[in-house]
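Subject: Structure for you to look at

Hello,

Here is the structure I said I would pass on. My notes on strand pairing follow below it.

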Amino acid sequence: MSMYLPASDPLSDSCYFMSGDVRIAPGVGIAPGVLLQADPDSYIEIAAGVCIGMGSILHAHAGSLVIEGGATLGTGVLLIGRGHVGSHACIGSSSTIWNASVLPAQVVPPGSMVGDGSRPSPETSTDPPAKPLPVSPVAQVERISNDPPPPAPKSTSHVLGQAQLNRLLSKIYPFRQQLGLNEQDGIPDL
């Protein structure tokens with residue numbers, strides 16, 4: 001049995017976007033959806049053997065952003081500002097590197113944030129704590145409800161939470177008995 005696999009579209013330079021002074025050596029792998037942007041008086045330099053994952057953004061600002069040979073940037077990596085990624089470094093997917101450098105052969109775990117610590121973190125902020133959200137009126141009604149609990153099932157084999165489910169079903173479908181549903185287990189009578 002043979003399967004038909006459609007031919008994939010050939011990758012070209014149009015799969016990623018470049019703006020400003022961006023220098024790319026031959027032999028660089030750039031996946032679709034990558035944004036390479038260098039502000040005025042800044043540049044991006046990418047050496048041979050670098051692999052940049054899909055949807056990554058490299059934005060040089062106020063300096064140079066240099067990626068040495070053999071470095072790998074995972075999917076959705078965000079490199080902002082100025083910095084240096086050493087040779088054979090590996091930056092995991094969805095990581096953010098802001099005005100920082102990564103050492104040669106260093107591994108940055110996925111989802112990491114590495115960068116300039118000059119901005120205060122939320123833990124050290126001097127802002128007053130946020131006010132708690134008001135409790136939903138629906139939640140208050142449930143809390144003050146004085147309905148008696150449903151009777152325990154008569155059979156010895158019961159499902160944990162079945163009583164709560166039956167109570168919910170009786171509120172959603174008040175005419176259950178007319179439909180021929182068994183009140184104890186919530187299944188149709190046969």
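Strand 9 pairs with strand 11 (residues 96-98) in the parallel sense, over three bridges. Strands here are DSSP runs of E with at least two residues, numbered from the N terminus, and two strands pair if DSSP finds at least two bridges between them. Within this pairing, Leu 78 lies opposite Thr 96 of strand 11.

This is a predicted model, in which local features need pLDDT of at least 70, side-chain atom pairs count only at pLDDT 80 or more, and totals for chains, interfaces and linings use all residues. Residues are numbered from 1 along each chain as its sequence is written, and side-chain values use heavy atoms, with hydrogens and water left out.

Strand 9 also pairs in the parallel sense with strand 12 (residues 101-102), over two bridges; there, Val 85 has Val 102 as its bridge partner. Strand 7 (residues 57-67) runs parallel to strand 9 (residues 78-85), and seven bridges join them. Leu 58 is opposite Leu 79 of strand 9.

Strand 7 is paired with strand 5 as well, in the parallel sense and over four bridges, with Tyr 43 opposite Ser 64 of strand 7. Strand 5 in turn pairs in the parallel sense with strand 2 (residues 22-24) over three bridges. The bridge partner of Ile 24 is Ile 46 in strand 5.

Regards
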